[in-house]
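Work through the exercises below with the model open beside you. Try each task before you read its solution.

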Amino acid sequence: MLIPRRAFGALTFVLCVAGFFIFFDSAVQWSVYLFGGHAPLVPYTTHIVLFQFKETATSFAIKEITSRFFGLKKSCVHPDTHRPYILSITGGIDTSIEGLQNDISHAFILKFSSSEERDYYVKSDPAHQAFKEAAATVVEKTIVVDFQEGVFFNG
C-alpha cells in the first residue's frame, strides 16, 4: 500500500469534509434558484379568545363546546390548499388569583401563519361559523384580542 493507514484515514476525512462544503454550497444555490431568496420574516398572528359562559350552561355543555373549539384545528381547512391552517390551539379554565377576570372563565390561544389566514378563519370558514352558532347557546360574553408577536406599533 502506497499510503499509510493513518494518512489514508485523514485524507478520506478531508475529502469528505471538502465534498460536504461543495455539495452544501451548490444545494443552497439550487434552493435559491428553485424557491427564490429568503422571504422577510413575518411574525405569527396570535388570536386570543376569552369566554364567559352563561350561568345556565351545564358542565357537559361547557365540555362539549371546549372540545369543539379544539376540534377546529382539524376541521378548519383552507379553501385553496384543502389543508388545516390553524398552527396550534391551546387553552383552559381560568386559574388567576388576581380577581380581575370580569367573569371570564375560559381562555383559548390560536396561532396562524398570517393575518390573511386569521381573516379567513374569522370571516369565512364554514367550520368556524358553525362553531360560533353552537357556542352562542352557552356563551354569555366573548372577548377577542389578536396580535403579531413582537409587533408593538402600526406601520
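The exercises that follow concern a predicted model.

**Exercise 1. Sort the residues of helix H4.**
Which residues of H4 are buried, and how are they arranged around the helix axis?

Solution. 
- Step 1: Find H4, which runs over residues 126-135.
- Step 2: Apply the cut-off: buried means under 20% relative accessible area. His128, Phe131, Ala134 and Ala135 are the buried residues of H4.
- Step 3: Look down the axis of H4. The buried residues fall within an arc of 120 degrees, so they line one face of the helix.
- Step 4: Recall the helix repeat. An α-helix has 3.6 residues a turn, so residues three or four places apart point the same way.
- Step 5: Turn to the other side of H4. Pro126 and Glu133 are exposed there.

**Exercise 2. Describe the largest pocket.**
What is its volume? Which element gives the most to its lining?

Solution. 
- Step 1: Take the volume, which is about 190 Å³.
- Step 2: Take the lining, made up of 14 residues. Val49, Phe51, His128, Lys132 and Thr142 lie nearest the centre of the pocket.
- Step 3: Assign the lining to elements. S1, H3, H4 and S4 each supply at least two residues. H4 gives the most, with four.
- Step 4: Sort the lining by class. It has 10 nonpolar, three polar and one charged residues.

**Exercise 3. Examine His106.**
Is His106 buried or exposed? Which residues does His106 contact?

Solution. 
- Step 1: Locate His106 in strand S3.
- Step 2: Use its accessibility. The value is 10%, so His106 counts as buried.
- Step 3: Check its side chain. A polar contact of 2.8 Å joins it to the side chain of Ser105.
- Step 4: Set aside neighbours within four places in sequence. His106 then contacts Val49, Leu50, Phe51, Phe53, Ile62, Thr66, Gly92 and Ile93.

**Exercise 4. Compare two loops and a strand.**
Where do Asn102, Arg83 and Leu87 lie, and how accessible is each?

Solution. 
- Step 1: Start with Asn102, in the loop between S2 and S3 (106-112). At 57% relative accessibility, Asn102 is exposed.
- Step 2: Check its backbone. Asn102 has a positive phi of about 50 degrees, although it is not a glycine.
- Step 3: Move to Arg83, in the loop between H2 and S2 (86-93). Its relative accessibility is 61%, so Arg83 counts as exposed.
- Step 4: List the contacts of Arg83, not counting residues up to four places away in sequence. They are Cys76, Val77 and His78.
- Step 5: Finish with Leu87, in strand S2. At 37% relative accessibility, Leu87 is partly exposed.

Technical notes. Residues numbered from 1 in each chain as written. Predicted model: local features only at pLDDT ≥ 70, side-chain atom pairs only at ≥ 80, totals over all residues. Heavy atoms only, no water. Buried < 20%, exposed > 50% of the residue type's maximum accessible area, 1.4 Å probe, protein only. Arc of directions from axis to C-beta. Contact = heavy atoms within 4.5 Å. 1 Å grid on protein atoms, 1.4 Å probe; cavity = no way out; pocket = protein on both sides within 12 Å on 5 of 7 lines; lining within 4 Å. Points joined across faces, edges and corners; volume = space filled by probe spheres on them. Nonpolar A, V, L, I, M, F, W, Y, C, P; charged D, E, K, R; others polar. Polar contact = N/O pair within 3.5 Å; in protein donor to acceptor, adjacent residues only side chain to side chain.
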